[in-house]
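Hi,

Here is the structure I promised to pass on.

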Amino acid sequence: MWQAPPAPVSREWLPVLDMPGPGRQNRWTVLLRALLLIPQFVVVWVLSVVAFFVTVIGWFGALVLGRLPGFAVDYLSVFVPYDTRVTAYLMLTLDRYPPFRFRAPEYPVQVGLRPGELNRLAVLFRIVLVIPAAIVQGLVYAGWWMVGVVIWLVVLFLGRMPQPLFEATAAILRYRMRFTAYLVMLTSAYPKRLFGEEAGSEPDGPASATRPLVLSGAGRGLLVAFVLLGVVSWTTSSITASLNSDHHDDNSVNPTEHVIAPLVPGPADRAPQSPLGQL
C-alpha cells in the first residue's frame, strides 16, 4: 500500500531551555527574593556591560569571518546562561539560588546553545531585524511585571508556582533567552515559538519540563494576558511621557515663568538635574 512521504523536518535549531517543573518553595526565600538577588544584580550588570562591548567587537568579526570570533563565543556562551539562571530565580520559577560562576552543570536551569556559521547580511542588519522580536519580548516581559506583585503573593501563599503560571513564565523566559542569543549572534535562528510546541515534538521524548514546552489552555491564556498587559503598560508610559513633555514645553515657552519663579516655591527651588536624568 502506498504511503505518503514523511513531512520534511526543519533543520533549524533553536536554543533550548531545560527546567524542572514547578516544585515547593521556601516561603522565606520567596518573601525576600528581591533582596537576596541584590548581589546577583550587581554581577549581571557588570557582565552585561562587558557583553555589550564583546558583542560590538564580535559584530565586526562576524562580518569578516561569517561567524563570531572565538573569544566572543567563549564569553557570550556563558553570559547568556548566567543571565537566564538569575532571571529564572527572580521570576519565581524555582527556589534554588543561582551560583556565582559561569558554568553550573548541576543547576536545574540549563541553556543549550550551538554557535556556528552566520549569514553576513543578517549580521549587518541584525539591529534592524531584531526589532520585531524585541517588541514581542518587551511586551510580554513588561506584562508579567505589571502583575509581578500579584504573582509574588500567589507563590508566597501557595508555597509554589501554579502549573499554568509556570508554563507562561517559562515561555517568557525561553523567548527572552532566544532573543538575547540572536541579538548577540550566538544563533542564526530568529526567536520564535513563544506559545510553545505540540506534545511529542521531541523525537526522543521529553528532555525536561520545558523541552518540549507544551502550554495548556490556561497557560496560553495567561501568556495572552501578559501580552495585553504589556501593551497597556507601554501605552500608558507613552501617554505619560508625552504629557510630561508637553507640560515641560509649555513651561519653557512661558515668558512669565522666569519672572515669577523666584517668588513661587516649587521647581525653581530644586537643584538642577543632570542632563542624563532627563533622557
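Let's start with two helices, α3 (residues 38-65) and α4 (residues 70-90): their axes come within 10 Å and cross at roughly 145 degrees. The crossing of α3 past α4 is left-handed. Bear in mind that this is a predicted model.

Which residues of α3 and α4 meet? On the α3 side they include F41, V44, L47, A51, V54 and I57, and on the α4 side F71, A72, Y75, L76, F79 and V86 are among them. Counting up the residues of this contact gives 16 nonpolar, four polar and one charged.

Leaving out residues up to four places away in sequence, F100 touches P39, Q40, V43 and Y82. F100 and V86 are 14 residues apart in sequence, and their C-alpha atoms are 9.9 Å apart in space.

Now for the aromatic rings. How many aromatic pairs does a search of the whole structure find? It turns up ten. One of them is W59 with F60: the ring centres are 4.9 Å apart and the planes stand at 80 degrees, so this pair is edge-to-face. W59 itself is partly exposed, as its relative accessible area is 26%. Y97 and F100 make a tilted pair, with 6.0 Å from centre to centre and 45 degrees between the planes. Y97 is partly exposed too, at 28% relative accessible area. There is also an aromatic cluster, formed by Y75, F79, Y82 and F102.

Two arginines lie over ring faces. R126 is over the face of Y182, 3.9 Å from the ring centre. R176 is over the face of Y141, with 5.3 Å to the ring centre.

Is Q137 buried or exposed? Its relative accessibility is 16%, so Q137 counts as buried, the cut-off being under 20%. Setting aside neighbours within four places in sequence, Q137 is in contact with Y175, R176 and F179.

That's what I have for now.

Cheers

How values were computed
Residues numbered from 1 in each chain as written. Predicted model: local features only at pLDDT ≥ 70, side-chain atom pairs only at ≥ 80, totals over all residues. Heavy atoms only, no water. Axes fitted to C-alpha atoms, helices over the stretch in contact; angles between N-to-C directions. Helix = DSSP H or I, 4+ residues; strand = E, 2+ residues; numbered from the N terminus. Left-handed = near helix turned anticlockwise from the far one by under 90°. Contact = heavy atoms within 4.5 Å. Nonpolar A, V, L, I, M, F, W, Y, C, P; charged D, E, K, R; others polar. Buried < 20%, exposed > 50% of the residue type's maximum accessible area, 1.4 Å probe, protein only. Phe/Tyr/Trp six-rings, centres within 6.5 Å; stacked < 30°, edge-to-face > 60°. Lys NZ or Arg CZ within 6 Å of the ring centre and 35° of its normal.
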